[in-house]
Amino acid sequence: MCPLHPCWSCCCLFLLFSLGVQEVPKDPSAAPEQIHLSYPGEPGSMTVTWTTWVPTDSEVQFGVKLTGPLSLRAQGTISLFVDGGHLRRKLYIHRVTLQGLLPGIQYVYRCGSTQGWSRRFRFRALKNGPQWSPRLAIFGDMGTENPKALPRLRRDTQQGMYDAVLHVGDFAYDMHQDNARIGDAFMRLIEPVAASLPYMTCPGNHEERYNFSNYKARFSMPGNNEGLWYSWDLGPAHIISFSTEVYFFLHYGRHMVERQFHWLERDLQKANENRAVRPWIITMGHRPMYCSNADTDDCTWHESKVRKGLFGKLFGLEDLFYKYGVDLEFWAHEHSYERLWPIYNYRGCEERLTRFTLFPRPWSAMRVKEYGYTRLHILNGTHIHIQQVSDDQDGKIVDDVWVVRPLLNRMMYL
């Protein structure tokens, strides 16, 4: 297990990456908005999700030509989401999964219905199989204000630097606020990038209100667990997303802790059986097991809930991840960047920045209290490249590390 532990500072994305001009809808309430992509886990597929304010048909028109008619069609589903605020605002969430996509090919698409269409966007279908080198942008704790890293991330994405985005919890601050209008504003804010790249998520503590209802309704992740936990394959890696929040919001049921834990164990067992094909196992969850920040968050306690489980002994994740040799863990929550040495049981093997303790812990390899984001390049089955970009220092790479994993010893790293 190698919990290299980047906790990245908050940032905002806003990418003007669309094609054409949006048509004037017959009914403004029927105009698609908050458009975003996600990967449903099946090769050759991509899910498009959007919102309207009245019920309409759900259709995506797509093709490979930048101009002219879009020759392909796909239909999907619509679901009513009623926010838990006192206004009980209604949103209609549309989901359409495109299938039969050619790996690595760029597609142009628009979504909506005869009552109103979106502008055109483009994306590149993910490549199939393990023999390619995905690149990802990773961050957490992103709100609708203080978009410090926005211009740089926009340039990165326009240059085609990423195949997917991982947002490791905490959205909008908060999606339920102002009767979910803050959630609407956030989803509009990320649309220009999320409509061009699969935007993969996990829940954070700021999504808790009304039993995570805004998070569950607005995002479309793989599996059948409402996006709380799921896994997917990307190149030579198996990526697992899970909810740390089940350990803290027990009023929604302690059974959620047990359900997720047993799902995680089954998924890790399968991933280990497939190590010859996909050697890397990578996890993402919001609240970290370890941190050296100067606050009272769970990760500052020796017996943290995420690490040791309920009552310090039930369904803890560190032993589980160690048992199955998780290679790399990404966390958020702490508004700073920190990378750890390989560690197990404390032994080596609006958003504002969070202060560190005065002296670093022996297991802390790098600490940066600056706004920024992480780049991850999964080069092949033995090499991963991690860079931390500082927006405060005009895009300077403030941490640059290779993780090398010998094929014959899955728990040894060079």
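Trainee: Which residue in β7 is the bridge partner of Trp-50?
Mentor: His-94 is. Keep in mind that this is a predicted model.

Trainee: How many bridges are there between β3 and β7, and in which sense do they pair?
Mentor: There are 7 bridges, and the pairing is antiparallel. β3 covers residues 46–52, and β7 covers residues 90–98.

Trainee: What is the strand order in the open sheet?
Mentor: The order is β2-β3-β7-β6. That makes 4 strands with antiparallel pairing.

Trainee: Which strands stand at the edges?
Mentor: β2 (33–38) and β6 (77–82) do. Each has a single partner strand, so one side of each has no neighbour in the sheet.

Trainee: By how many degrees are neighbouring strands of this sheet turned against each other?
Mentor: On average 20°, with direction ignored.

Trainee: What does helix α2 touch when it packs on the sheet?
Mentor: Helix α2, residues 177–194, touches β2 and β7. Its direction makes about 50° with that of β2.

Trainee: And which strands does helix α3 lie across?
Mentor: Helix α3 (residues 209–218) lies across β2, β3, β6 and β7. Its angle to β7 is about 40°.

Trainee: New topic, β17. Are its residues buried or exposed?
Mentor: Buried, 5 of the 5 in residues 237–241. So the rest of the structure largely encloses strand β17.

Trainee: Which way do the β17 residues point?
Mentor: Ala-237, Ile-239 and Ser-241 point one way. His-238 and Ile-240 point the other way. Side chains of a regular strand alternate between the two faces of the sheet.

Trainee: In what sense does β16 pair with β17?
Mentor: Antiparallel, over 5 bridges. Strand β16 is residues 230–234. Tyr-230 sits opposite Ser-241 of β17.

Trainee: What about the hairpin of β16 and β17? How many residues lie between the strands?
Mentor: 2 residues. In that hairpin, Gly-235 has a positive phi near 55°.

Trainee: How do β17 and β18 run, parallel or antiparallel?
Mentor: They run parallel, joined by 5 bridges. Strand β18 is residues 280–284. His-238 faces Ile-281 in β18.

Trainee: What do β17, helix α4 and β18 make?
Mentor: A right-handed β-α-β unit. Helix α4 spans residues 255–273.

Trainee: On to β13. Is it buried or exposed?
Mentor: Strand β13, residues 164–168, has 5 of the 5 residues buried, so the rest of the structure largely encloses it. Ala-164, Leu-166 and Val-168 point one way, while Val-165 and His-167 point the other.

Trainee: How many bridges pair β11 with β13?
Mentor: 4 bridges, in the parallel sense. β11 is residues 135–139. Leu-136 stands opposite Ala-164 in β13.

Trainee: And how many bridges join β13 to β15?
Mentor: 4 bridges, and these strands run parallel. β15 is residues 199–202. His-167 is opposite Thr-201 in β15.

Trainee: Which lining residues are the closest to its centre?
Mentor: Arg-124, Gly-160, Tyr-162, Asp-163 and Leu-197. The lining has 18 residues.

Trainee: Where does the largest share of the lining come from?
Mentor: From β10, with 3 residues. β10 (120–124) and α1 (150–158) each give at least two residues to the lining of the largest pocket.

Technical notes. Residues are numbered from 1 along each chain as its sequence is written. This is a predicted model: local features need pLDDT of at least 70, side-chain atom pairs count only at pLDDT 80 or more; totals for chains, interfaces and linings use all residues. Side-chain values use heavy atoms; hydrogens and water are left out. Buried means under 20% relative accessible area, exposed over 50%, partly exposed in between (1.4 Å probe, protein chains only). Two strands pair if DSSP finds at least two bridges between them. A crossover is right-handed if, with the strands pointing away from the viewer, the path from the first strand over the helix to the second runs clockwise. Axes are lines fitted to C-alpha atoms, for helices over the stretch in contact, and angles run from 0 to 180 degrees between N-to-C directions. Contact means heavy atoms within 4.5 Å. On a 1 Å grid over the protein atoms alone, a cavity is a set of points where a 1.4 Å probe fits but cannot get out, and a pocket is an open set with protein on both sides within 12 Å along at least five of seven lines; lining residues have an atom within 4 Å of a point.
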